[in-house]
Amino acid sequence: MAHRTLEQHISVDMTHKKRCNETGWGLYASTNIAAREAIISIERPLVISLDIPRLKDTCYECLGYGSEAYRNPERIAWEEDKKLQVCTGCHVVRYCSKECQTLSWKSVHKHECSLFARLHPNILPNNVRAILQLLLLRKANRLPHGEWDAFMNLESHLQQWESRNGRQWEDIGLMARGTKEYAGTDLSEETLREVFGKLLVNCFTMVSPFYDPLGLALHPLAALVNHSCNYNAFVRFDTSSHCLSVLALRPIARDEQIVVSYIDATNPRHVRQKELQDKYFFDCACSKCSDYVTKEEGVPQLPESSEHLLVEQRAFELLAAAQKDTSITGPIQKCQYGIHILRKTGAWPLHRQPLASLRQQLVVSLIAAGQIHLAFVHAWIQYRSIDPKLMTEKHHPIRLVHLWLVIVLLKRIYFASFSPTDLPIQKYTITSNSIMHIKLIHYLHWALMKRVGDDDDGTFAQVVRHHFIQDGGYEKQRYPIAKRDDFLKEAEKLKACTTEILEKELVWGESGAAA
Ligand SMILES: [Zn+2]
Ligand SMILES: [Zn+2]
Ligand SMILES: [Zn+2]
């Protein structure tokens, strides 16, 4: 009896494929689609592959976080804490339960475990593991019907990689050679280079329900969805169900093209254009790229002067350096300095990039350093003053995650027994008293529940709902409705706190942000 192929459920009824220009295809709405509706859902992407550091702290099957991950500040929003067991065959992948291990073994891992074991302690990079998995499943006749052909029909941009002749072209050659050896495949090295080109230009960054990058995912159908900086849809990956979906961000009319953003669309135009050209070989001509000043954000697409361009460059460098810095105080100082030089120009509203990204990185770094109070104030600034300008939809998935982070930090502060020694200003506590503190948590959680909606069954929505119920959210008597005046008083308190911190950013030195 032939092996069963992996089960595959795809729902695409709302879309059709159509040429969008001479060279490319796009996915179009076949019907009017409401905001937040799922447009495509693919139960199992063709390949998913975890980043190397995530192999240590993430279940290889359900992608749940292990206790290791809980120490990672970027994952503070997730309050699970599972013990992971390493696969005794290869010592590379880890599982949260026997069930996960069995499922994973049957679906993919039995084809790759001995190879991983042979290479251990070396671990192959995620794109090589992705392609190996694909080739091994193909060899075992286990790929869902038609998916290999659909994959091979994707664009690889191989000639452009070659003519660019950069480090990536070298990498593609190395990966193709290595894969040929490891997978024992009948495909030529030339074809394997094509395969890697296709993976590089068509894969998505797989993110957790809380928007932490986990690795990469690819499906030929999802790869049909084109890019726009003015996107009307977004990709979501539900870790526990392995479901890759594309959801509408705003209402999409029949025959409108469905577009997502491949990059951080809040960056300035010249940064976006360079990233799209480097990674995907095209010049974006979306409505946002055609305006000189972005309508929504009201900031110039290009720095106003060469001096501003230099400051912007320096700030982007500081951001990149902070993201790489593994020390405790290093990333905090880099972010604070980047924020300072931008704000000093007087030309950077809080939501103008890279100021917003520096603050987001600052929140992460402060959490890592245990400075929860200060992290909260910056997360609050992000939620209140920055996100509404950068992402107009109240239900934008990143805005929801940022609100959740505010709630998680408020809860941490509530349960922490120490006083806010990490705040540079001692005269403020964040809330008037513990009753108001808990009311504020409840109020924000309730606001988040409303934005998430009742019919969303994604992992994020489930976690938010679970915690709301666990905290007694629906038991009115536990949380007597606070008077409006009481809330206004708390709002004043928070405002005074954020104002003082924002003012400090304008000075640098002994009494300033670095102090
Ligand atoms: Zn698991
Ligand atoms: Zn194994
Ligand atoms: Zn664009």
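1. Helix α13 (residues 355-368) has 14 residues, and from its first C-alpha to its last it reaches 20 Å, close to the 20 Å expected at 1.5 Å a residue. Please keep in mind, here and below, that you are looking at a predicted model.

2. Is α13 mostly covered or mostly open? Of its 14 residues, 12 are buried, which leaves the helix mostly covered. Among the buried residues of α13 are Leu355, Leu358, Leu362, Val363, Val364, Leu366 and Ile367, and the list also includes Arg359, Gln361 and Ser365. When you colour the helix in your viewer, pick out Arg359 too: this residue is buried.

3. What do the buried residues of α13 pack against? Their partners are the helices α11 (306-324), α12 (330-344), α14 (372-390), α15 (397-415) and α18. Just after α13 comes a spot worth a click: Gly370 takes a positive phi of about 80 degrees.

4. Now follow α18 to another partner. The axes of helix α16 (residues 434-452) and helix α18 (residues 484-504) come within 11 Å, and they cross at roughly 95 degrees. Angles of 65 to 115 degrees count as roughly perpendicular, and α16 and α18 are therefore roughly perpendicular to each other.

5. Which residues meet where these two helices touch? From α16 come Met436, Lys439, Leu440 and Tyr443, and from α18 come Asp486, Phe487, Glu490 and Leu494. Sorted by class, this contact of α16 with α18 has 5 nonpolar residues, 3 charged ones and no polar ones.

6. Helix α3 (residues 98-119) tells another story. This helix has 22 residues, yet its end C-alpha atoms are only 24 Å apart, short of the 32 Å that a straight helix would reach at 1.5 Å a residue.

7. Finally, step back to the whole protein. There are 18 helices and 13 strands, and buried residues make up 54% of the 515 residues. Among contacts between residues at least 6 apart in sequence, 67% join residues at least 24 apart.

How values were computed:
Residues are numbered from 1 along each chain as its sequence is written. Chains are lettered from A and ligands numbered from 1 in the order in which they are written. This is a predicted model: local features need pLDDT of at least 70, side-chain atom pairs count only at pLDDT 80 or more; totals for chains, interfaces and linings use all residues. Side-chain values use heavy atoms; hydrogens and water are left out. Axes are lines fitted to C-alpha atoms, for helices over the stretch in contact, and angles run from 0 to 180 degrees between N-to-C directions. Helices (H or I, at least four residues) and strands (E, at least two) are DSSP runs, numbered from the N terminus. Angles under 35 degrees count as roughly parallel, over 145 as roughly antiparallel, 65 to 115 as roughly perpendicular and the rest as oblique. Contact means heavy atoms within 4.5 Å. Ala, Val, Leu, Ile, Met, Phe, Trp, Tyr, Cys and Pro count as nonpolar, Asp, Glu, Lys and Arg as charged, and the others, Gly among them, as polar. The expected span of a helix is 1.5 Å times one less than its number of residues. Buried means under 20% relative accessible area, exposed over 50%, partly exposed in between (1.4 Å probe, protein chains only).
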